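Thanks for coming, everyone. I have one structure to walk you through today. Let me put it on the screen.

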Amino acid sequence: MVNIAVLGYGTVGSGVVEVLATNHDAIAKRAGEEINVKYVLDLRDFPGDPIQEKIVHDYQVILDDPDVKIVVEVMGGVEPALTFVKKALLAGKSAATSNKELVAKHGAQLLEIARANNVNFLFEASVGGGIPIIRPLNQSLTADEITEITGILNGTTNYMLTKMDNDGANYADVLKQAQEKGYAERNPEADVEGYDACRKIAILTSLAYGMQVDYEDIHTEGITQITDIDFKYAKLMNKSIKLLGMSRKEDQGVFALVAPMMIGEGHPLYSVSDVFNAILVKGNALGDVMFYGRGAGKLPTASAVVSDIVDEVKHMGTHIMTEWRSEKLKLADYEQYVSRFFVRVKGDPEESAAEIRALFGSVEFCQAEDVTGEYAFITAPMKVEDFEERQVQLQGFISRIFVNE
Ligand code: HSE
């Protein structure tokens, strides 16, 4: 029997305990050992709940118990999670976490400590919730040079954009609905400003190239400026708008960005709707592979955490090699990124055609029947810096959205 401790009895922590209990026998068979939750660390007490007999308030109890072989960190936030995980690894215990902030910022360092102590630090649930993506990147796609990762990495914003697309609803209304359904926090900033997706693409890009990608270096735009009118144009062009986290290896280096992007109906991510996430990975030998599923929620996230616990039980005494060095990967300059842009402009296309074609070359104009006083067009592929230089010269410019092909 392998004893484990769960740090945090919130949504994910209680999910981990539930999955281990519900699937106890199957998990024991796959792990080759029975897994027992010996302690649950939480500030609170849970009187009347059977979990109460396992609750401890002092982390030292867990650290000092040589019977505890795996520590499961599901508290969130950087501290005290970082200190707790570090201490566990240094004490010869493996650790598993769902904490994307912790992994994005300190993943390389924690992996190094795990390696030095011949234990494991696994974090499948930190990206894409229940979708297996970390393990496939580490273990299955090792024959390939990864040339691109593009993902719908945030369920809350995907739910909101899907509602705007399907119902013609505006941003404020769908945010309210997302909050009522419990998808969006009362302070929805991390989701709607793209910060959550940014941390996730930082982790995936670090793993793809084996070096540290700092999320502060990733150009990040959220969905707060996307309107119901953008979706009217998108519909006319058989496109949708998704918040994408993307990294792409090109001659200049690796580009990484998070932004709402227009994608056509032929794009593999086009029909990924509601709270679902999906991650499209391109390899130079494999071609395209896509991972799809629930990117958040109690049981899907717990399922990924438990899969790490099982892996750690199976690899007791062996370190699972994960290539992610602390050395920083210098990303290619965002200004050099080449994309098409969807552009909305005030006025009449007949009057501005010459000016626009002089700035952006040959473009086709698009007008929506029920949208007056403006029109839109899509540029040819151009560098961000060139687009920005021309955009400031464009009379009546309203907004722009990246077009992803
Ligand atoms: N807020 C995140 C989402 C939760 O909406 O996808 C999972 O990280």
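Start with Lys100. An N or O atom in the side chain of Lys100 sits 2.9 Å from an oxygen atom of the ligand. Keep in mind that this is a predicted model. Next, Thr156. Gly155 uses its backbone instead. There, an N or O atom lies 2.8 Å from an oxygen atom of the ligand. How much of the ligand's accessible area does the protein cover? On its own, the ligand has 260 Å², and the protein covers 78% of that.

Now the wider shell. Besides Lys100, Gly155 and Thr156, the ligand is surrounded by Asn154, Asp191, Asp196, Lys200, Gly295 and Ala296. By type, the shell divides into 4 charged residues, 4 polar and 1 nonpolar. Which helices each supply at least two of the shell residues? They are α7, residues 155-167, and α10, residues 195-209. And the pocket itself? The space that the ligand takes up is the largest pocket.

On to the strands. There is an open sheet of 6 strands, paired in parallel. Read across, the order is β3-β2-β1-β4-β5-β6. At the edges are β3 (55-56) and β6 (121-122), each pairing on one side only. Look inside the sheet at β1, residues 2-7, and β2, residues 35-41. These two are parallel and share 6 bridges. As a reminder, strands of a sheet pair through backbone hydrogen bonds, parallel or antiparallel.

For the antiparallel case, go to β11 and β12. Strand β11 covers residues 276-283, strand β12 covers 287-294, and 8 bridges join them. A hairpin of 3 residues connects β11 to β12. Within this pair, Ala278 stands opposite Tyr292 of β12.

Last, two backbone details in loops. First, Pro80. The peptide bond from Glu79 to Pro80 is cis, with omega near 10 degrees. Pro80 is in the loop between β4 (68-73) and α4 (81-90). Second, Asn118. Where is Asn118? Asn118 lies in the loop between α5, residues 100-116, and β6. Asn118 is not a glycine, yet its phi is positive, near 55 degrees.

That's the tour. Let's go back to the screen for discussion.

Terms used:
Residues numbered from 1 in each chain as written. Predicted model: local features only at pLDDT ≥ 70, side-chain atom pairs only at ≥ 80, totals over all residues. Heavy atoms only, no water. Near = heavy atom within 4 Å. Polar contact = N/O pair within 3.5 Å; in protein donor to acceptor, adjacent residues only side chain to side chain. Areas by Shrake-Rupley, 256 points an atom, 1.4 Å probe, with all protein chains shown as cover. 1 Å grid on protein atoms, 1.4 Å probe; cavity = no way out; pocket = protein on both sides within 12 Å on 5 of 7 lines; lining within 4 Å. Sits in = over half its atoms within 2 Å of the grid points. Helix = DSSP H or I, 4+ residues; strand = E, 2+ residues; numbered from the N terminus. Nonpolar A, V, L, I, M, F, W, Y, C, P; charged D, E, K, R; others polar. Pairing = 2+ DSSP bridges.
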